[in-house]
Amino acid sequence: MTDLSGKTGLVVGIANKRSIAWAIARAAQAAGARLAVTYQGERLEENVRELAAELSDPVIVPCDVTDDGQIANVFDAVDREFGGLDFLVHGAAYAPREELSAPFVQTTREGFRTSLDISAYSLIALSRGALPLMERRGGGSILTLTYLGSERVFQNYNVMGVAKAALEAAVRYLAADLGPKGIRVNAISAGPIKTLAASGISGFSGILQHYRDRAPLRRTVETAEIADAAMFLLGPAGRAVTAEILMVDGGYHATGM
């Protein structure tokens, strides 16, 4: 089992108990880490505070990832409480519902900007904030969440697929940039899970069944399984792994027809 005793982490992107980011937070807590968690606006604050009650002495701060001032406030709070940072989990992703349901060719300029800003650029902004705190610890680990829609066309995924492709490219460039400072940057490409974000994708139940029919393991994945993979990438066992997109999807990515 991964040991994160004495480590501190920041988890961004928890929406409710079904969030992959929440599963990772729980696993990191069980491994001994002390955590800071963020919430997006008043709508999600109650959810996050209720969940965070299960954590040991968490730091809870608001964070709109499109607002550089709020991002700076998050890292100020982490600095005051922890004096450094060992890992960052980035689970922020969003695209307007209408951009997912309309044909991709009708993607609006504003919808594209919003989707790429929240789902991809936010990783860069958060990594920049984490950098000085991780340098104090002699390095760290940054982890984000992506999906196979970055490489293949999935119905009603549309601009989010483009955003995930940008996110994966950002992982590679950040890994190259931050590697000399001892900071690793990776992503987990998870199979489909019924999260709040997935609820905006029309026909999502059909995608789940397709995975059950086609994936080598003949099933979908659970958030706990993704969290276990995250512990590998965040902990000492993954110390030589960076710029990696780790597939945790029951093997679906390897199938053809």
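**Entry 1: the overall fold**

How many helices and strands are there in the protein? I counted 8 helices and 7 strands, where helices (H or I, at least four residues) and strands (E, at least two) are DSSP runs numbered from the N terminus. I noted at the outset that this is a predicted model, in which local features need pLDDT of at least 70 and side-chain atom pairs count only at pLDDT 80 or more, while totals for chains, interfaces and linings use all residues. Residues are numbered from 1 along each chain as its sequence is written, and side-chain values use heavy atoms, with hydrogens and water left out.

I then looked up the overall dimensions, and found that the C-alpha trace spans about 50 × 40 × 35 Å along its principal axes. The radius of gyration is 17 Å, which agrees with the value near 18 Å that a compact globule of 257 residues would have; this radius is taken over C-alpha atoms, and the globule rule is 2.2 Å times the number of residues to the power 0.38.

**Entry 2: burial, contacts and charge**

Of the 257 residues, 53% are buried, a word I use for under 20% relative accessible area, with exposed for over 50% and partly exposed for what lies in between (1.4 Å probe, protein chains only). The protein exposes about 11,900 Å², and carbon and sulfur atoms supply 50% of that area, as found by the Shrake-Rupley method with a 1.4 Å probe.

I also looked at contacts (heavy atoms within 4.5 Å). Among contacts with a separation of 6 or more, 75% are between residues 24 or more positions apart.

For charge, I found 25 positive and 28 negative side chains, with the centres of the two sets 5 Å apart. Here Lys and Arg count as positive and Asp and Glu as negative, while His and the chain ends are not counted; each charge is placed at NZ of Lys, CZ of Arg, CG of Asp or CD of Glu.

Why do I describe helix H1 as largely enclosed by the rest of the structure? I do so because 8 of its 11 residues are buried, and these are Ile-20, Ala-21, Trp-22, Ala-23, Ile-24, Ala-25, Ala-27 and Ala-28. Just after H1, I came to Gly-32, which takes a positive phi of about 110°.

Helix H8 covers residues 223-234, and its 12 residues reach 16 Å from the first C-alpha to the last, close to the 16 Å expected at 1.5 Å a residue; the expected span is 1.5 Å times one less than the number of residues. In H8 I found Ile-226, Ala-227, Ala-229, Ala-230, Met-231, Leu-233 and Leu-234 buried. What covers these buried residues includes helix H1 (20-30) and the strands E4 (87-90), E5 (140-146), E6 (183-190) and E7 (245-248).

**Entry 3: the loop between E5 and H6**

Is Asn-156 buried or exposed? Asn-156 is buried, because its relative accessible area is 16%, and I located it in the loop between E5 and helix H6 (159-178). Asn-156 has a positive phi of about 65° although it is not a glycine.

Arg-152 is found in the loop between E5 and H6, and with a relative accessible area of 32% it is partly exposed. Leaving aside neighbours within four places in sequence, Arg-152 is in contact with Tyr-252, His-253 and Thr-255.

**Entry 4: other single residues**

Which residues does Ala-93 contact, leaving aside its neighbours within four places in sequence? I found Ile-118, Ser-119, Met-160 and Lys-164. Ala-93 lies in the loop between E4 and helix H4 (97-101), and is partly exposed at 30% relative accessible area. Its C-alpha is separated by 4.1 Å from that of Ser-119, although the two residues are 26 apart along the chain.

Gly-139, in the loop between helix H5 (109-136) and E5, is buried with a relative accessible area of 9%. Not counting residues up to four places away in sequence, Gly-139 touches Leu-85, Met-134, Lys-181, Gly-182 and Ile-183. Asp-117 is 22 residues from Gly-139 along the chain, and their C-alpha atoms are separated by 26 Å.

Glu-46, in helix H2, counts as exposed at 62% relative accessibility. Last, I looked up Asp-57 in the loop between helix H2 (41-52) and strand E3 (59-62), and noted that Asp-57 has a positive phi of about 50° although it is not a glycine.
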